[in-house]
Amino acid sequence: MNEGGRRRAEPWWEHSLVQLTLVRFREFWREPEAVFWVFIFPILLAAGLGIAFRSRPAEVVKVAVDSEALAAALRTEPSLAVQVMPERAGEQALRVGRIVLFAAGAAPVRFRYDDTNPDARLARLLSERALQRAAGAGAAAAVAEEVVREPGSRYIDFLIPGLLGMNIMGSGMWGVGFAIVDARRKKLLKRLVASPMSKTEYLLSFLLSRLSLLLVEVLALLGFGALVFGVPVRGALWELVAICLLSSLAFSALGLLIASRAQTIEAASGLMNFVMLPMWVFSGVFFSSERFPDVLQPFIRLLPLTAVIDALRAHMLEGASLGSLGAQTAVIGGWLAASFFAALKLFRWR
């Protein structure tokens with residue numbers, strides 16, 4: 001109030017609406033998870049996808065032929081990467097998507113390819129052009145085609161193993177990490193300190209509990225892919241179960257490590273997003289990790305999700321045995337052992 005009894009006009013910055021608005025800004029900036037998703041995540045995602053889909057020379061498509069003479073003719077086309085292999089091996093490579101076209105025979109040359117695949121259609125045109133060039137301007141190259149549409153070489157076949165690996169990672173890390181942090185936040189862990197239970201038993205119980213849900217997760221996605229889209233599982237089922245089991249344990253152990261010191265749900269969520277973001281971008285869930293530069297490939301191969309997805313794709317689409325996946329299982333097992341023992345050392349009850 002002023003001397004005349006009238007209320008003094010307050011400065012605009014002291015107005016209640018301005019102060020309440022400033023409070024909302026401060027609340028936002030004090031939430032690291034909100035800052036991460038609003039500002040950091042879009043920038044990192046744009047950077048990763050920008051690198052993967054950067055401007056590059058025209059794509060080279062992979063084809064195979066059954067003779068050196070045919071290979072010499074097709075190699076005059078610089079956009080074709082030509083391999084020589086027997087017909088049975090070529091058909092297998094075409095079936096699992098390692099090549100997009102197989103050419104065999106002479107006069108006519110038979111092209112086998114999936115006409116629903118844009119790369120395969122491009123390879124067919126380039127191959128015919130190379131044969132026409134080899135035949136000369138005055139002659140017509142004799143060609144025939146055989147369209148094949150087998151499961152294993154489609155994008156949905158590529159996608160389902162990637163989604164399965166991403167689902168195993170998310171359920172393992174979120175399910176375990178949030179449960180531990182929530183118990184610590186509610187002071188439940190303090191009560192468990194006085195019990196005869198060891199730290200190892202407590203943490204192992206989280207890893208084993210994930211196994212009860214693993215079967216449902218795997219069957220739901222694989223069953224949908226098989227029934228709706230005919231996605232194949234060409235390897236032994238027990239080996240697929242072993243890969244999923246090892247993968248789930250590895251990601252659950254990583255969730256234990258992240259939650260070993262976190263005090264709040266927000267802190268645990270921020271750490272998990274920070275750990276999972278490189279794998280979402282680099283590990284080849286939605287597109288091949290080979291799109292990234294060669295200098296990044298050693299780092300990408302050491303990511304646990306990359307190893308999981310590579311193992312699942314090789315097993316499901318190519319029928320690779322568990323014994324032939326030693327490199328991938330070694331990476332997954334290494335993350336399991338390192339994460340669990342690090343969690344044992346760093347875990348704090350309070």
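Mentor: Start with the words for accessibility. A residue is buried when its relative accessible area is under 20%, exposed when it is over 50%, and partly exposed in between. Keep in mind that this is a predicted model.

Now the charges. Side chains of opposite charge can pair when their charged atoms come close. Here the cut-off is 4 Å, from a side-chain nitrogen of Lys or Arg to a carboxyl oxygen of Asp or Glu. By that rule there are eight salt bridges. Let us take three of them.

Begin with Arg129 and Glu77. Their side chains meet in a salt bridge, at 2.8 Å from N to O. The two residues come from distant parts of the chain, 52 residues apart. Arg129 belongs to helix 5 (residues 118–135). Glu77 sits in the loop between helix 3 (68–74) and strand 2 (80–84). Glu77 has a relative accessible area of 3%, so Glu77 is buried.

Helix 5 takes part in another pair. The side chains of Glu145 and Arg124 form a salt bridge, again with 2.8 Å from N to O. Glu145 lies in strand 5 (residues 143–147) and Arg124 in helix 5, so this pair ties together parts 21 residues apart in sequence. Glu145 is partly exposed because its relative accessible area is 44%. Arg124 is buried, because its value is 12%.

Asp310 counts as partly exposed because its relative accessibility is 22%. Arg301 is partly exposed too, with a relative accessible area of 31%. Salt bridges can also share partners: Glu77, Arg129 and Arg133 are joined this way into one network.

Arg301 leads us along the chain to Leu302. Leu302 lies in the loop between helix 11 (297–301) and helix 12. At 54% relative accessibility, Leu302 passes the 50% cut-off, so it counts as exposed. The C-alpha atom of Leu302 is 9.6 Å from that of Ser283, 19 residues away along the chain.

Helix 10 covers residues 265–282, which makes 18 residues. At 1.5 Å a residue these should span 26 Å, and the end C-alpha atoms are 26 Å apart, so the two values agree. Helix 10 also bends by about 30° at Met276. A proline, Pro278, follows within four residues. Among its buried residues are Met272, Met276, Leu277, Val281 and Phe282. Just after the helix, Gly284 takes a positive phi of about 85°.

The C-alpha atoms of Val281 and Leu45 are separated by 6.8 Å, though the residues are 236 apart in sequence. Leu45 is in helix 2. Its relative accessible area is 28%, so Leu45 is partly exposed.

Leu22, Phe25, Trp29, Phe39, Ile40 and Leu44 form a nonpolar surface patch, with about 590 Å² of accessible area together. Helix 1 (16–29) and helix 2 (32–52) are the elements giving two or more residues to this patch. Ile40, in helix 2, counts as partly exposed because its relative accessibility is 39%.

Last, the interior. In soluble globular proteins, nonpolar side chains tend to be buried together. Here the largest nonpolar core holds 62 residues, and Leu164, Ile180, Leu203, Cys244, Phe251 and Leu256 touch the most other members. Two or more residues each come from helix 6, helix 8 (199–229), helix 9 (237–259), helix 10, helix 12 (304–318) and helix 13 (326–346). A second, separate core has 20 residues, including Leu70, Leu101, Ala130 and Leu131.

Just after helix 6, Lys187 takes a positive phi of about 70°.

Notes. Residues numbered from 1 in each chain as written. Predicted model: local features only at pLDDT ≥ 70, side-chain atom pairs only at ≥ 80, totals over all residues. Heavy atoms only, no water. Patch = residues over 30% accessible without salt bridge, like charges linked within 9 Å, V, L, I, M, F, W, Y side chains within 5 Å. Areas by Shrake-Rupley, 256 points an atom, 1.4 Å probe, with all protein chains shown as cover. Buried < 20%, exposed > 50% of the residue type's maximum accessible area, 1.4 Å probe, protein only. Expected span 1.5 Å × (residues − 1). Bend = angle between axes of the 7 residues up to and from the residue. Core = buried A, V, L, I, M, F, W, Y, C linked by side-chain atoms within 4.5 Å.
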